[in-house]
Amino acid sequence: MKNHLTKAVIAATALSIAAPAFAQTELSFWSWRQEDVAAYGEIIAAFEAENPEISVTYTAHEAKAYNTILTTALAGGSGPDIIHTRAYGSLENISSAGYLEPLDGQVDLSLLSADELLGTTLRADGHVYAVPFASQTVVVYYNMDIFDAQGITAPDTWDEFLAVSQQLKDAGITPLANGTADGWTVEIMSGAFMPNFYGSEFFGDVTSGATTFEDPRYVTALGKMAELAPFMPVGFEGVDYATMKALFNSGAAAMFVGGSWEINGFREAGVNIGMMPGPSAEAGSERMVATWMDGGYAVNAASENKEAALAFIRFTATTPFAQMLTDKLNNIAAVDGAMSSNPDLQQVANFHSAATPYIMLVAFRFDKPTGSSLLQDGLQQLMTGSKTAEEVAADVTAGIAAAE
Amino acid sequence: MEKKRNAGFETWLMHIFLVSTAIIVLYPIFMMVMSGFKTNAEIFGSPFAMPKSFNLDNYAVIWNTTDVPRYLINSTIVTVISVIVLLITGTMAAYAISRYKFRGSIMVSLFFLAGLMLPLRLAIIPLFVQLKAMGLVDNLMGLIMIYTAMSLPSTVFILTGFLRSLPSELEDSARVDGASELRIMVQIMVPLITPAMVIAGIYNAVPIWNDFFFPLIFIQTPENRTLAQGLTSFFGEYSVNFGVLYAGLTLAALPVVAVFILQSKRFIAGMTAGAIK
Amino acid sequence: MDDSEYTRAKRRRARNLKLWLAFLLAPPAAILIIFVFLPMASAVVYSLYDWNGLVRKEFIGLDNFADILFNPNKNVILFNAFGNNVKVFVTLMIVQNGIALVLALLLARNPRGFRFYQVVFFLPVILSTVIIGFQWKMFLNPIFGLVNKALHYAGLSEWALPWLGLPETALPSMLLVNSWHWFGFPTLVFLAAIHRIPKDFIEAARLDGASEWRIAREIIWPLIAPAVTIIVVLTFIGSFNWFEIPYIMNGLEGSPQGSTDMLGLLFYRTAFGSVSAGGSDFGSGSALAVLMFIFIFIFSIIATKYLTSREVEMS
Amino acid sequence: MANIELRGVSKQFGDVKVIKNVSLTVEDNEFVVFVGPSGCGKSTLLRLIAGLEDLTKGEIHIDNARIDHLAPAARGLAMVFQSYALYPHFTVAQNMGYALRVAKEDKASIDKKVRAAADILQLTDYLDRKPKALSGGQRQRVAIGRAIVRNPKVFLFDEPLSNLDAKLRVAMRIELTKLHRTLNATMVYVTHDQVEAMTMADKIVVLRDGMVEQIGAPLDLYNAPDNRFVAGFIGSPAMNFFAGKVEGFVEGGIEISLTEGAPLTFPCTGSGLSIGDAVDFGVRPEHFCIGQGADGTLKGEVYAVERLGGETYLYLSSSSQKELVVHMSGDHQVAVGDHVEIGFSIAQSHLFGPDGQSVR
């Protein structure tokens, strides 16, 4: 009886997805981007139109569990043909285990810069394992309607920023939507403010080992973060990502520090947004944004349809693909040549003239504990006042020294 | 007199306690259902008020963007078959353990009990490798087998207790009447433990229906997703639309609550009356 | 027929009985072995190897265990999580099961609305943890949540806290949610046990003039010992496997600052990695899993033994 | 219909020997009662015959065919259990017809047989009821009906009346005896109640510690118990025993002295006793008379009297005997505290040697 039922279930399932084609190569494509299902559908349709012998099925998994789902599947000798990977440390975890197909030599990567490829290159063997798809940038969003109503113009310097925040607070508006309940949003927040205090040299110095996170430049930058706490929502310790967005969308909060991927959502919610890089330390000094490679498209080394999967990957390294990514997902594509008609994206692209790597993600997510988890914990403690900037810096330094 | 007034006061206190507990239980559930009919603005602005209208807009969003009917069918298939297989195999094991004396019977019952204390979640990686080899990944059958295995220990545990309480003379009598061992089990003994089977069934069906962990790992194509799993990813997508979220929660809770309320008399009677006396 | 034929006939019957027992036991045992014990055994094997993330390398014996237990950088996290699990167990025993016992004692007096209460109290138990986790996360939201709104309306604004965001309140809030979810189960188990006590015992005590409190403490409590055993052991197993509520409400890292970190979350992070916590390590993950098996298994057995020994025979 | 023969039957549970080398024969149509104190193995012996337990050693024959290797149902017997063991989810008719259904008889014939049995037992009106809706006596009759329907060679009863109240028990005793006559069947009946044994049995088997103490017709056991155990077990109230000592031998008898009263001469042949042996002298309560006895007299003080009108029980204590029961028919005016003399005759008394065996 069991058997019959199974057969019935399988038959029902098979019928429902009955593919019209016969000798088609079917590729599976996994991602954590649930919000992008529709857009990827269109992009894939364009690919299939040019490659009628290949069909691609995009499956978006629950973001929080994506790592688990993917690593379990890969370790179990399974997994999709095409994998949407994250970059840097996360990529290294699966590429060093041999689960990904090296792409250099098989895919034309000429439209990608060395910097961009760094995020998808395995440090140990120098091979590229994924085609980077988009870069992300940390910016400060502000609600132009609120600013206008309060007669505020976008602040340039840290002091102006604090003054503006105070003015908003006095007017009964929460200046910053950001909370600390989701650790990663605090790290993002630090990406907007801290670089302008620790400067453009610090990244090179700390990654080369010339200095540590106890460097006075970094400690000063951390100290600035603590000054933001009064301008965050009441109970910010419990404000998570969804609440942050709801606060900003509804106009209850005037500013939101976030990644460039938020543009779409805010526009859809009808917020009249303006964007700016984090404020400069002093008048006239540099206003840098933190950027990183968000991830890439990789081929499962165990795929039975490697050729077809590579065909799709080659497609992702072309300008037309980058153009679709730009148009449909409002991402800043890694592949060169895409022109954006979206003024928001152009603005973000302009910020890149003064950019610094998003420090922990780019350089300190290869070992455990990661710089990110250390910094997130540290920032939470700093914001709630349970630790000083010096203590947090010492914790991060010690954690990274002990990481393996 | 004194004593009587005292007793009255106590009773009064008891009722207050019971009623407030019932409110604490029911009010959040009520709010969940009500919020499913509200817009974001209503939820933020007047959280405790009744919804302005009982329209199904939020439900329409769920219906249109997710494959809820499919998830429902999958969850039903998985839960029903798991519980059936579970009750059949669980009864077999419990019957052997409780009704026969044989060498190693204590070892066998310990073997089943041990399963109760071993959290399968911790062995997820080898389990995946194994199911992969058996072709049960991305297959509802795989989930069914996992759930059956996971729930077997508690089922055997519950049913063993009930079966032990049955008088052995019934069995002897049937044996003298010429019934085979199989027939004694199926015709005489098992019908007498149906209340225990209802308990074991509901006790295990609830976590199976609600589980999202194993589907997350083992189900890969959206067509095979279960309700809890499908809704978890849906929650991620609609993280800022609270009204839709509440509607989703209500929808997911509805089938189990309905089954429970329909069966509650039997289930609770079975749970609290203990065994057949 | 000579004697040996009778012996053979008897043996045949004995063999048939054995076959029948094998028929009964083989399918459930096979399911359990294949889908529970084999993977668990493999997990033990995994834990004895060095892993480069996802790839198995050489056999290293108990090094993984030594590493998670004695490496000072890692064992702080382990001990923190373990300590939290202990807090979970103790709190649930007192709050969740304590309330349940009181409710069971009240329901045992057969108040008006007895059936209604039974159904209502059990209702949250059948709801999915996902549903309850999400729902209460929304209720506890510091800005939009109903809990804080209610406190504001009640004029208790200073009590309105970011419940899930503070290290001091996050775990207690989750434990209250868990108690809300589960209290109906121990209530019914205790109630069943109380119903099983012969009425004469309680009536005799009442005739002797014992107060309700004395009856509860001196008659009912010792006589429901078997139910207490079940609940303690189940709460223990549940507490040390606690995963869903903290995972849904505050994510994989046990935030804020590890105050809601649990062994289950730590296992998950270690074995599978996460975006911010880093890559996966099946070796350490499996070693942690094995330690958890052993701990839960041994303690369950000891607890069962100890608790069973204090059960009184009721004749 | 059928005779049963047990040859050297032994049963062991683990290290515990429950039945020790029992051999006995049940004749065709005989009503045999196994009696003994609880734990004597009588139920086990019955279950061995039924096939519910396997023999450790020995053989069982029914109708001169060996059956101890057969499954219970193949032995052609029916059994009535102490708890009746009615299937709670079946109706009376279904209960009674179950064995026939198992044997795949056709429906009409099952129905006919069930009705016939129900008629005998006056259960016709209850055929559609579930056991729960029946009184104790009715349940008992259904259990018997279930046995009758199968038309077995042998009926086995395991303390079937112990769950009934006293009045019903007497009634059922008579019914069972009647049934035995009507059915003309071999019946083996287990009880710990010697009254049931005495009133119903053609032959009683007294068991103790897994061994047969004596087999015989009820009155043979009463009048000539083989040993002290049987003497004490059969008869109610139980036989009074007096400790004594062998004093000497005379022609055709032995001389014994009791702690109290004059020495006696007990007639016997070849006792195997020697002088100084401790013996037990037994007199049944109903064999005492008030006043001087034919062969001996004892004195005692009455500490309790039970006057039932038709009969009177006196409980006495004497210097040597803490408790002594005397049973007399009719009403007697005796008061507590009275000192009375009671007498007995040698012909109605019994003597047991140091090994407990009867001296005759």
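Three residue pairs, both members at pLDDT 80 or more, are in polar contact between domain 1 and domain 2 of chain D. The tour begins there, in a model that is predicted.

**Stop 1: the two domains of chain D**

Select residues 4-233 of chain D for domain 1 and residues 240-352 for domain 2. Give each its own colour. The C-alpha centres of these two domains of chain D are 38 Å apart. Where they touch, domain 1 of chain D contributes eight residues and domain 2 of chain D contributes seven.

Next, show the surface between them. Domain 1 and domain 2 of chain D bury about 680 Å² between them, and carbon and sulfur atoms give 55% of that area. On the domain 1 side, select D:Tyr222, D:Arg228 and D:Ala231: these lose the most area to domain 2 of chain D, together 77% of what the domain 1 side buries.

Which residue forms a salt bridge with D:Asp280? Select D:Arg228, the partner, and find the closest N and O atoms of the pair, which are 3.0 Å apart. The rule finds one salt bridge across this interface of domain 1 and domain 2 of chain D.

Now switch to a cartoon view and select α7 (218-223) and α8 (228-233) of chain D. These are the elements that give two or more residues to the side of domain 1 that touches domain 2 of chain D. Sorted by class, that side of domain 1 of chain D has four nonpolar, three polar and one charged residues.

**Stop 2: chain C against chain B**

Five pairs of chains touch, and the most contacts are between chains B and C. In this pair, 84 residues of chain C are in contact with 82 residues of chain B. The two chains bury about 7800 Å² between them, with 84% of it on carbon and sulfur atoms.

Select C:Phe35, C:Ile126 and C:Met138. Together they supply 9% of the area that chain C buries against chain B, more than any other three residues. Then select residues 3-46 of chain C, which form helix α1. This helix gives the most to the side of chain C that touches chain B, with 22 residues. Colour that side of chain C by class: 70 residues are nonpolar, eight are polar and six are charged.

How many salt bridges does the rule find across the interface of chain C and chain B? The number is zero. For polar contacts between chain C and chain B, the count is six residue pairs, with both residues at pLDDT 80 or more.

While chain B is on screen, select its residues 2-35 as domain 1 and 64-272 as domain 2. The C-alpha centres of these two domains of chain B lie 34 Å apart.

**Stop 3: an aromatic pair in chain A**

Over all chains, the count comes to 86 aromatic pairs. For one of them, select A:Trp158 and A:Phe193. The ring centres are 5.8 Å apart and the planes are at 80 degrees, so the pair is edge-to-face. A:Trp158 lies in helix α7 (residues 158-170) of chain A and A:Phe193 in helix α8 (residues 183-193) of chain A, so the pair ties together parts that are 35 residues apart in sequence.

**Stop 4: chains A and D**

No contact joins chain A and chain D. Their closest C-alpha atoms lie 26 Å apart.

Conventions:
Residues are numbered from 1 along each chain as its sequence is written. Chains are lettered from A and ligands numbered from 1 in the order in which they are written. This is a predicted model: local features need pLDDT of at least 70, side-chain atom pairs count only at pLDDT 80 or more; totals for chains, interfaces and linings use all residues. Side-chain values use heavy atoms; hydrogens and water are left out. Contact means heavy atoms within 4.5 Å. Buried area is the accessible area (1.4 Å probe) that two parts lose on being put together, summed over both. A salt bridge is a side-chain nitrogen of Lys or Arg within 4 Å of a carboxyl oxygen of Asp or Glu. A polar contact is a pair of N or O atoms within 3.5 Å; within protein, one must be able to donate a hydrogen and the other to accept it, and residues adjacent in sequence count only if both atoms are side-chain atoms. Helices (H or I, at least four residues) and strands (E, at least two) are DSSP runs, numbered from the N terminus. Ala, Val, Leu, Ile, Met, Phe, Trp, Tyr, Cys and Pro count as nonpolar, Asp, Glu, Lys and Arg as charged, and the others, Gly among them, as polar. Domain bounds come from an automatic or database domain assignment. Rings of Phe, Tyr and Trp (its six-membered ring) pair if their centres lie within 6.5 Å; planes under 30 degrees apart count as stacked, over 60 as edge-to-face and the rest as tilted.
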